[in-house]
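Please look over the sequence and the model below before reading on. The paragraphs that follow move from a single residue to the packing of its surroundings and then to the chain as a whole.

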Amino acid sequence: MMNTATTGLAAGMALGFAAYFGGFWAFLLVLVLGAVGLIVGLVVQGDLDLPARRQR
């Protein structure tokens, strides 16, 4: 069973893979979308609290 962070990472990577038809820029797109998916998954799961990090 996949947790929410893993699901978010997989979703970001799948979106990036859909745009993979183009060399180095596609690699960067996959990397960025994977990171965004991971962050969204961690926020939804509750392992990353962005408002608490902003107040520092």
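In which helix does G8 lie? G8 belongs to helix α1, which covers residues 4–18, where helices (H or I, at least four residues) and strands (E, at least two) are DSSP runs numbered from the N terminus. The model is a predicted one, in which local features need pLDDT of at least 70 and side-chain atom pairs count only at pLDDT 80 or more, while totals for chains, interfaces and linings use all residues. Residues are numbered from 1 along each chain as its sequence is written, and side-chain values use heavy atoms, with hydrogens and water left out.

Is G8 buried or exposed? G8 counts as buried because its relative accessibility is 13%, given that buried means under 20% relative accessible area, exposed over 50%, and partly exposed in between (1.4 Å probe, protein chains only). Once residues up to four places away in sequence are set aside, G8 touches G37, L38 and G41, a contact being defined by heavy atoms within 4.5 Å. Between G8 and V43, which are 35 residues apart in sequence, the C-alpha to C-alpha separation is 9.8 Å.

When neighbours within four places in sequence are left aside, L38 is in contact with A5, G8 and L9, and its C-alpha atom is separated by 7.0 Å from that of T6, 32 residues away along the chain. With a relative accessible area of 34%, L38 is partly exposed. A35 is also found in helix α2 and counts as partly exposed at 38% relative accessibility; A35 and A10 are 25 residues apart in sequence and 10 Å apart in space, C-alpha to C-alpha.

How do the two helices pack? Helix α2 comprises residues 23–45, and α1 packs with it at an angle of about 155 degrees, with their axes 7 Å apart; axes are lines fitted to C-alpha atoms, for helices over the stretch in contact, and angles run from 0 to 180 degrees between N-to-C directions. The two helices α1 and α2 are therefore roughly antiparallel to each other, since angles under 35 degrees count as roughly parallel, over 145 as roughly antiparallel, 65 to 115 as roughly perpendicular and the rest as oblique. On the α1 side the residues that meet α2 include T4, G8, G12 and F17, and on the α2 side those that meet α1 include V30, G34, G37, G41 and Q45.

Beyond this pair, D47 lies in the loop between α2 and α3 (50–54). At 51% relative accessibility D47 counts as exposed, and its C-alpha atom is separated by 20 Å from that of M13, 34 residues apart along the chain.

For the chain as a whole, there are 3 helices and 0 strands. The radius of gyration of the protein chain is 13 Å, well over the 10 Å that the globule rule gives for 56 residues, so the chain is more spread out than a compact globule; this radius is taken over C-alpha atoms, and the globule rule is 2.2 Å times the number of residues to the power 0.38. The C-alpha trace spans about 40 × 30 × 10 Å along its principal axes, and 18% of the 56 residues count as buried. Among contacts with a separation of 6 or more, residues 24 or more positions apart account for 50%.
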